[in-house]
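Welcome! Take a look at the sequence and the 3D view below, then work through the exercises with us.

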Amino acid sequence: MMNYPGFYACLINRTNMPRNIINNKTDRLFGQTGTFTGYSMVVFGLIALYYKLYPTFIALLIAGSFIAFTYTGTKIDLKNRKIKSYTCLFGFIILGKWISVNEFTRFTIYKSKRSYTTYSRANVPLTLKEQDIRLALVNSDGTQKIIINKYNSFEAARDAMTSLASELGVPNYCNWEN
């Protein structure tokens with residue numbers, strides 16, 4: 001059996017990534033209410049384990065872990081000039097495809113508004129609203145867009161865009177509109 005200490009260290013401490021790769025976690029897949037529901041399912045699964053309800057424990061643990069820990073993000077390889085939009089299942093299984101930065105023609109900065117609605121047993125809606133500024137790479141006809149990161153202000157996104165464009169060696173990509 002082969003030993004891969006780097007792999008296990010990466011699972012334990014994910015900050016040991018190479019310095020030429022930027023990793024941005026952008027969103028939870030199910031929002032705030034879904035994440036809370038996933039954590040609750042994990043807790044109820046542990047309670048089921050205490051009472052030796054093993055099938056219930058396994059079902060709640062797997063479903064709750066998926067809902068609570070799944071997120072989306074973007075990795076940028078500065079050395080090879082590639083970008084990867086990914087989905088991280090269960091918090092450690094990363095799925096995505098590397099794409100060359102040359103396939104994109106410009107950056108775009110836009111305001112994103114999201115709302116998550118949950119209904120109680122009495123059918124009373126609870127709506128959580130989120131608003132942020134997103135920086136994305138877009139191809140020439142706008143059919144492919146990769147969100148790079150989210151920010152609190154247009155100025156922070158613009159500063160990140162100019163520094164990222166210079167690190168990637170694509171300064172002509174910096175056309176943006178408010």
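## Exercise 1: A threonine in a loop

Thr70 sits in the loop that runs between helix H3 (54-69) and strand S2 (71-77). Please keep in mind that this is a predicted model.

**Task.** Work out whether Thr70 is buried or exposed, and find which backbone atoms its side chain reaches.

**Solution.** 

Step 1. Start with accessibility. Thr70 has a relative accessibility of 0%. Buried means under 20%, so Thr70 counts as buried.

Step 2. Look for polar partners. A polar atom of the Thr70 side chain lies 2.5 Å from the backbone oxygen of Phe66. The side chain of Thr70 also reaches the backbone nitrogen of Phe90, at 3.3 Å.

Step 3. Now list the surroundings. If neighbours within four places in sequence are set aside, Thr70 is in contact with Arg28, Leu29, Ser65, Thr87, Cys88, Leu89, Phe90 and Gly91.

## Exercise 2: The partners of an aspartate

**Task.** Find which side chains meet Asp27 in a salt bridge, and say where in the chain the partners are.

**Solution.** 

Step 1. Asp27 and Arg114 meet through their side chains in a salt bridge, 3.5 Å from N to O. This pair links distant parts of the chain: Asp27 belongs to strand S1 (residues 21-28) and Arg114 to strand S5 (residues 106-119), 87 residues apart.

Step 2. The side chain of Arg134 meets Asp27 in a salt bridge too, at 2.9 Å from N to O. Here again distant parts of the chain are linked, with Arg134 in strand S6 (residues 125-138) and Asp27 in strand S1, 107 residues apart.

Step 3. Check the accessibility of each residue. Asp27 counts as buried because its relative accessibility is 8%. Arg114, at 33%, counts as partly exposed. Arg134 has a relative accessible area of 1%, so Arg134 is buried.

Notes: Residues numbered from 1 in each chain as written. Predicted model: local features only at pLDDT ≥ 70, side-chain atom pairs only at ≥ 80, totals over all residues. Heavy atoms only, no water. Salt bridge = Lys/Arg side-chain N within 4 Å of Asp/Glu carboxyl O. Helix = DSSP H or I, 4+ residues; strand = E, 2+ residues; numbered from the N terminus. Buried < 20%, exposed > 50% of the residue type's maximum accessible area, 1.4 Å probe, protein only. Polar contact = N/O pair within 3.5 Å; in protein donor to acceptor, adjacent residues only side chain to side chain. Contact = heavy atoms within 4.5 Å.
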